[in-house]
Amino acid sequence: MNSLATNQTNYIEIAQRQLSDSITRTIQDKTNSYRGIAMTFRKFSEGKDSLDSFKLFLTSEQYASKSKENVYNYFRSIANKNVKNEEAKKLVIESLKNTYIEATKETKKSKNRIEIEQETMHLGKDYLQEKDIEKVCSHLRATQQTDKHTNRDIQGNIKLALIIEFLFKTGCRVDELAQIRKEETILNGVAKIKLHGKGSKSRYTTISRNFYSEIEEVFQGKEYLFETKKHTKIIHQNLWKNLTDAFLLCGYGEKGKYKIHPHTLRHSFSMDKLEKGMDIKTLSELLGHSDIDITLRTYIHANPEKYKDMIIGREWNR
């Protein structure tokens, strides 16, 4: 190793020690506005405050993108304030920036890969029926644990059951569910809910007034229909894990291999509608697909013989 590389390595090591010391001081200072962020990262890294831990944190599915951005900005801030050597400061800030950009790209690739895999599932095997949804939701409702003082559902089982039912009944995506605004819902004989889909395209879905009222009462959202107890948006990663665990517990999927994801419920909604005779054009509109061919490619292959009339009709109308 040449002297320049040696100096750079030494600078990074010095900077990392100073960053770690600063995180410790932040955690100890209960008035510091960054304390929560510092504690989140320290818990994740298990005390190993290195740039490697920083990258692992950024690529972890456990945390929302906003949390990752907060940690990145916090690290830049303490590097600027606490790394005394200017050369070391320059190197560590550049390293933080490059790591953040690289991790963001990796996360997007991973998310796209998961969505592609789910969009091309062998639906003849991997979709759920209404009785399966009822079984899991009944289990969640039966195993709720309420606080004796507030009568609130401590485990969040009722909330999870309502989310599962909503995803199955509407076929919406998780990010669409998280963005449902109460002020954009039209309440008449049914609840007409506005969904914000991909490419800034919006559409409406409907559920019964009773079901809407139950969601509203349980979640008590201020701005959004589905909110956390702190009145923030639902975090996708947490929802994925809780939902997967609930289905595994009821015998659906296999740990470490095939798992039920929120997108599975979207597929299940589609197959349920096809089984009940819905035409492909209406289904495509309900799913928010930009082109009916996407719906055909995704769902017809589950049983091409059964739905061949849809394929033939589509070819004929071109």
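## Cysteines and disulfides

A disulfide is a pair of cysteine sulfur atoms within 2.5 Å, and the structure, which is a predicted model, holds zero disulfides. The sulfur of Cys137 has its closest cysteine sulfur in Cys250, at 9.0 Å, which is too far for a bond. For Cys250, in turn, the closest cysteine sulfur is the one in Cys137, again 9.0 Å away and too far for a bond.

Cys137 counts as buried, with a relative accessibility of 3%, and Cys250 is buried as well, with a relative accessible area of 11%. Here buried means under 20% relative accessible area, exposed means over 50%, and partly exposed lies in between, with a 1.4 Å probe and protein chains only.

## Confidence in the model

The pLDDT, which is the predictor's confidence in each residue from 0 to 100, has a mean of 79 over the protein chain, and 79% of the residues reach 70 or more. Over residues 113-125 the pLDDT is below 50, and this stretch has 23 contacts in the model beyond near neighbours in sequence, where contact means heavy atoms within 4.5 Å. Over residues 311-318 the pLDDT is also below 50, and beyond near neighbours in sequence that stretch has seven contacts in the model.

## Gly47 and its loop

Gly47 lies in the loop between helix H2 (35-45) and helix H3 (51-59); helices (H or I, at least four residues) are DSSP runs, numbered from the N terminus. Gly47 is partly exposed, with a relative accessible area of 42%, and its C-alpha atom is separated by 9.8 Å from that of Ile23, 24 residues apart along the chain.

Residues are numbered from 1 along each chain as its sequence is written, and side-chain values use heavy atoms, with hydrogens and water left out. In this predicted model, local features need pLDDT of at least 70 and side-chain atom pairs count only at pLDDT 80 or more, while totals for chains, interfaces and linings use all residues.

Definitions and conventions:
Helix = DSSP H or I, 4+ residues; strand = E, 2+ residues; numbered from the N terminus.
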